[in-house]
Every structure is written in C-alpha cells, then in structure tokens.
Amino acid sequence: MSCWQTVQDYALRSLGIGERLLPREGYTLCEHFTLIGSGLIWNIYFGVLALFFGFFLATTVALGKASKNRLIRKPSEWFIFIFRGSPLFIQFFFFYALFLSLKSRFEIFDPFTSAAIGALIVLFLNTAAYSGEIFYGALRSIPKGDVEAADAYGFTGWTRFRRIIWPTMLRLAWPAYTNEAIFLFHATALVFFSAFPAWQQRGDALYYASFFADKTFNPFIPYPIFAFYFILLSLSVIGVFALINRRLNRHMPKEYRARFKPRMNLIR
Amino acid sequence: MFSFCADPETLDSLRWLACYLTTAKHANLYTATLVVLALLAITAPAAMIFGFGGAMAARSRLLPLRVFGHGYISIVRGVPDIAFFLFFVIALDQGFEWIRHKVKCPDWDEPIRQGNDFIVCAEAKLPLGTSAQWIHETYGFFLAVLTFAIVFGAFCANVLYGAMRAVPRAQLETAEAYGMSRRQTFWRILVPQMWVYALPGLGNLWMVLTKATPLLFLLGVEDIVYWARELGGTANPRFTDYPHGDWRMWYFLALLVFYLGLTRISEIALDRLMIRLSHGQATTGGEALRKAAT
C-alpha cells in the first residue's frame with residue numbers, strides 16, 4: 001500500500017471519514033504520520049473554539065474581578081480560583097460525571113457527554129479563568145495617564161472602555177496571552193486521556209500516538225512525531241499571535257512594544 | 001468500622017454515610033491521598049536536585065557540560081506536557097531492562113526488539129516475574145517519581161539558572177576581589193542569595209506540580225483518580241452492603257475540593273516563605289520590609 005493511499009484512507013480518520021479499521025500490522029512511518037496528524041484536527045478544533053469563546057468570558061471575568069461591587073467581584077474571584085486552583089485533569093473527570101448524571105435526568109444534556117461539546121466546555125471555562133487572571137493583571141497595570149487622558153477628553157462608560165481601556169489591556173496582556181494559547185493547545189491533548197471517551201476510535205493526536213506506542217511497544221517513534229506536530233502547532237500559534245500583537249502595538253514606538261517571550265508551561 | 005455498622009440497611013442516612021465512608025475500600029482512597037502527598041514530598045526535592053544539577057551544568061565552563069545543561073532544559077521544556085509522561089515511563093523501563101540485560105545475560109544472542117515485542121532475558125526483567133505485588137507497585141511508583149523529577153527538574157533548572165544570573169554582579173565581583181575561588185564564590189555568595197530570586201518561579205512550579213499529580217493515574221499507579229472512579233461507579237446490591245447509583249460526580253467534586261485546599265495552603269505558605277527570604281535582600285520586597293521595621 002502506497003503512502004498516498006494511506007493518506008487518503010486515514011487523513012480524516014479522526015472525523016470518521018475514510019477507512020474505518022485502524023491499521024493492524026506493519027505500522028509504517030507513513031501510517032504514524034498520517035494518523036497522528038489526523039488526530040491533530042481535534043486538538044485544533046478544541047484549541048481554536050475554546051480560545052475564541054474563552055476570550056469573551058475572560059474579558060468579562062477580568063472586569064468582574066476588577067469591579068468595586070462585591071457581588072460581582074466575589075463570583076469572578078471564585079471562578080478564577082476554582083479553575084486555576086484545581087487540575088484540569090480532575091475538572092474533566094468531574095464535568096464528565098456531572099454531564100452524565102444530568103443526562104440521566106434531562107434529555108437536553110445528551111450531547112454534553114461527548115468530547116466534542118463536553119470537553120470543549122471544560123476547556124472554555126478553564127482558559128477563561130487563566131486568561132481572565134492575565135487580563136485582570138493587565139487591567140491593573142494600565143498606565144494611569146492613559147485613563148486620565150481619556151477622562152479629560154470626556155470619554156465615559158462604554159466608549160471609554162471600548163476605545164481606551166480594552167485596547168490597552170489587550171496590548172499589555174498579549175505576550176502572556178500568547179503563552180496561555182500555546183498552553184491551551186497543549187492541554188487539549190488531555191481530553192481523551194481523562195474521562196471523555198473517544199467514540200469509534202476517533203481521537204486526538206495523542207490518542208493515536210499512544211495507540212501506536214501500545215501496539216508496537218516502541219515509544220521512540222510515535223511520541224517524537226506527536227512532539228513534532230505540536231511544535232509546528234505552537235509555532236503557528238506564535239505566528240498568528242505575533243501578527244495580532246503587531247496590530248495592537250502599531251501606535252507605539254518600537255522600544256516600548258511588549259515582546260513575546262516563550263515560556264513553556266507544563267500542565268494545568 | 002463502627003459497631004453499629006453491622007447491618008447497613010437499617011441505618012438512617014447520616015450513620016449510613018459514616019459507615020459507608022469507613023469501609024475497607026475507602027481506606028484505599030485515603031491511602032491513595034497519602035500516596036499523592038508522598039509523591040509531592042519525594043518529587044519536589046528530587047526535581048530540585050535535578051534542577052540544581054541542570055543549572056550548574058548550564059553555567060559550567062566546560063562546553064560539553066554546558067551543551068548538556070542547555071539541551072536538557074530546552075528539550076524538556078519545548079515538548080508538550082503529557083507526551084513526556086507517557087513517553088518516559090516506557091522509555092525508562094525499557095532502558096533499565098536493557099542495561100540489566102546487557103550486564104546479566106551477555107551470551108543472549110536473540111535481538112531484543114523482535115517486531116513489536118521488547119524481549120529481555122528473564123533475569124533482567126524489572127521487577128522480577130517472581131517478586132511480590134508490592135514490589136511491582138513500588139517500582140511503578142518509582143518510575144513515576146523519576147519521570148516527574150526529570151520533567152520538573154528541567155523547569156527547576158530553568159528557574160534556578162535565571163535566579164543565578166539575577167544575583168547582582170557586584171556581589172560576585174566583591175567576592176572575587178576578596179580572593180575567593182570560583183567554587184567559594186558559588187557556594188558562599190551566589191547560592192545563598194539566589195533563592196529570593198528563584199522563589200516566585202519555584203512557587204509557581206510547586207503549584208503546577210501539585211496540579212500534575214493526578215497524572216499518576218495515566219502512569220498506571222492506583223492513585224486517587226483511580227479509586228474515585230472505582231468507588232464512585234454504580235454499586236450493585238448484589239456485591240456490596242452499600243449499594244448506590246453513579247456517584248462519581250461527588251467523588252470528583254471531593255477531589256476538586258482537595259486540590260483547591262492544597263493550592264490555598266501552598267499559596268499561604270509561599271507568601272510567608274517569601275517574606276522570610278526577603279529579609280535583608282536588595283530587592284523591593286526586602287526594602288519594603290526594612291521600611292516597615294524602622
């Protein structure tokens with residue numbers, strides 16, 4: 001079987017398109033690359049959607065934590081503490097069990113036990129808490145002069161937030177937020193290793209990598225391939241975020257621009 | 001456990017719960033909690049030793065050592081998280097068995113990798129096929145600790161390397177001016193002063209380490225996640241005196257609370273430690289302490 005044939009069979013295997021049976025013997029390098037790459041679709045799906053939705057909740061939570069009103073501040077603080085203070089791994093288990101028991105009572109929760117929705121919700125809440133803390137930190141380090149200048153120009157309320165505070169907050173938070181994004185993509189590898197089952201063996205990159213490692217009892221091929229894919233993924237995240245960073249900083253003189261320093265985190 | 005537990009069906013709910021939570025199976029869950037704490041207690045110093053070694057290697061004057069130190073730090077830090085945990089356990093296991101195989105069975109002529117199998121002679125198996133169950137479990141735990149130590153050691157090395165470079169240059173120059181050798185400068189001047197710069201990073205790592213402990217489950221150790229799943233699952237009246245539905249949600253909620261508690265306690269302890277270490281240091285924290293005292 002040629003490599004091109006393998007790619008046709010397995011490139012979209014993680015979505016259920018193509019050959020249904022996973023390879024049983026041989027386990028060529030081409031199969032390794034194709035299947036693990038196919039699993040990467042899930043990692044990208046989880047990462048992109050969780051980041052996108054998480055961004056809005058994170059902004060809300062950051063504003064909530066900075067609020068003077070106790071009734072708004074306390075829930076935001078607790079939300080951040082709960083999701084940052086406990087392991088993501090346990091959060092997956094807990095939410096899966098929660099969705100299961102809700103499902104037995106209400107029919108609406110049926111799709112929530114699948115990884116595609118359930119795990120996405122957990123990742124969304126988790127990244128919202130982590131980014132919320134980053135945004136909160138940035139909110140507190142907005143230069144006083146900027147806000148005073150906004151006041152002097154008569155900006156108030158929503159306009160002041162939309163035109164002055166929010167862009168500055170994003171600009172200051174962006175390098176840390178880039179790290180958070182990379183970190184989130186790494187965290188997506190946990191999904192199928194915690195509670196959420198891989199339906200019909202449609203898993204993410206690590207799912208297939210460990211599938212190969214289990215079958216061949218040789219960790220030295222699948223995991224480096226997995227690492228290779230993730231390094232590519234991290235580099236593209238850094239690239240996209242650098243473009244946004246440039247736009248956020250376009251009014252700043254060069255030496256004042258915040259630089260991104262890659263700081264790899266381990267696990268959450 | 002309690003005397004009234006003889007016939008669980010007759011009990012009211014509170015006493016039923018008291019009996020239920022003290023069954024022999026639940027003792028496993030509580031021991032597993034201790035295993036997590038033991039893992040933290042062993043891994044943290046082990047990772048510090050690995051980290052200190054890595055940082056020392058990275059600032060060594062010998063090129064090969066320096067390359068090794070920087071390589072260790074950047075490879076482990078650059079590759080995504082749990083892949084390393086899954087990888088190292090098999091790789092270390094196979095590495096140990098391979099070394100023992102070479103030493104103990106020099107006249108073995110078959111290849112070790114036969115297709116998809118990894119075969120070493122019976123004397124080189126780790127642990128030996130004849131050994132007791134607890135040895136197998138301890139070996140699994142040992143591999144887990146080593147994996148954690150290697151991975152977290154790299155992060156530690158990075159923090160310590162940064163901290164060593166953060167110590168004011170003038171301090172080291174003064175030591176040299178007093179005629180201290182390189183080694184004396186390192187141990188007497190650099191090391192005592194670097195901790196205050198290292199602590200925020202190390203504290204962060206500690207938080208990450210506590211949150212990484214549930215991964216023991218992935219490494220095949222019967223840890224709290226394993227027992228929570230085991231005990232929380234639906235209990236059939238035919239096999240147990242304490243039948244219940246699917247209670248996994250409550251068990252994982254308890255684990256969540258356990259970890260939140262651990263985080264909170266660590267936060268408080270680290271804050272105190274930071275205050276202690278800041279005394280007399282040439283940092284803003286130390287300056288604030290000095291001003292508060294006068």
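User: In chain A, what percentage of the contacts with a separation of 6 or more comes from residues 24 or more positions apart?
Analyst: This is a predicted model. Contacts in chain A with a separation of 6 or more are taken as the total. Of these, the part made by residues 24 or more positions apart is 75%.

User: What is the corresponding percentage for chain B?
Analyst: The total is again the contacts with a separation of 6 or more, now in chain B. Residues 24 or more positions apart account for a part of them that comes to 67%.

User: How many helices and how many strands does chain A have?
Analyst: From the N terminus on, the elements of chain A run α-α-α-α-α-α-α-α-α. The count for chain A is therefore 9 helices and 0 strands.

User: Which order of elements does chain B show from the N terminus on?
Analyst: Chain B has 10 helices and 2 strands. Its elements, taken from the N terminus on, run α-α-α-α-β-β-α-α-α-α-α-α.

User: What percentage of the residues in chain A is buried?
Analyst: A residue is buried if its relative accessible area is under 20%. Chain A has 268 residues, and the buried part of them is 52%.

User: What percentage of the residues of chain B counts as buried?
Analyst: The cut-off for a buried residue is under 20% relative accessible area. Chain B has 294 residues, and those that count as buried make up 44%.

User: What is the accessible surface of chain A, and what percentage of it belongs to carbon and sulfur atoms?
Analyst: The C-alpha atoms of chain A fill a box of roughly 70 × 50 × 25 Å along the principal axes. The accessible surface of chain A is about 13100 Å², and the percentage that belongs to carbon and sulfur atoms is 63%.

User: How far apart are the mean positions of the positive and negative charges of chain A?
Analyst: Chain A has 28 positive and 15 negative charges.

User: Is α7(B) roughly parallel or roughly antiparallel to α9(B)?
Analyst: The axes of α7(B) and α9(B) come within 10 Å and cross at roughly 175 degrees. Angles over 145 degrees count as roughly antiparallel. The relation of α7(B) to α9(B) is therefore roughly antiparallel.

User: Which residues in α7(B) meet α9(B)?
Analyst: On the α9(B) side, the residues include Y259(B), L262(B), T263(B) and S266(B). In α7(B), the residues that meet them and others of α9(B) are W195(B), V196(B), L199(B), P200(B), G203(B), W206(B), M207(B) and T210(B).

User: Is T185(B) buried or exposed?
Analyst: T185(B) is placed in helix α7 (residues 182–212) of chain B. Not counting residues up to four places away in sequence, T185(B) touches L172(B), A175(B), M180(B) and L190(B). Its relative accessibility is 5%, so T185(B) counts as buried.

User: Is P106(B) buried or exposed?
Analyst: P106(B) lies in the loop between α4 (81–104) and β1 (113–114) of chain B. The cut-off for exposed is over 50% relative accessible area. P106(B) has 64% relative accessibility, so it counts as exposed.

User: Which residues is L37(B) in contact with, leaving aside its neighbours within four places in sequence?
Analyst: L37(B) lies in helix α2 (residues 24–58) of chain B. At 35% relative accessibility, L37(B) counts as partly exposed. Its contacts, with those neighbours left aside, are F258(B) and L262(B).

User: What separates the C-alpha atoms of V221(B) and V35(B)?
Analyst: V221(B) lies in the loop between α7 and α8 (224–232) of chain B, and at 13% relative accessibility V221(B) counts as buried. V221(B) and V35(B) are 186 residues apart along the chain. Their C-alpha atoms are separated by 9.6 Å.

Note on methods:
Residues numbered from 1 in each chain as written. Chains lettered and ligands numbered in written order. Predicted model: local features only at pLDDT ≥ 70, side-chain atom pairs only at ≥ 80, totals over all residues. Heavy atoms only, no water. Helix = DSSP H or I, 4+ residues; strand = E, 2+ residues; numbered from the N terminus. Buried < 20%, exposed > 50% of the residue type's maximum accessible area, 1.4 Å probe, protein only. Contact = heavy atoms within 4.5 Å. Areas by Shrake-Rupley, 256 points an atom, 1.4 Å probe, with all protein chains shown as cover. Lys, Arg positive; Asp, Glu negative; His and termini not counted. Charge placed at Lys NZ, Arg CZ, Asp CG, Glu CD. Axes fitted to C-alpha atoms, helices over the stretch in contact; angles between N-to-C directions. Parallel < 35°, antiparallel > 145°, perpendicular 65-115°, else oblique.
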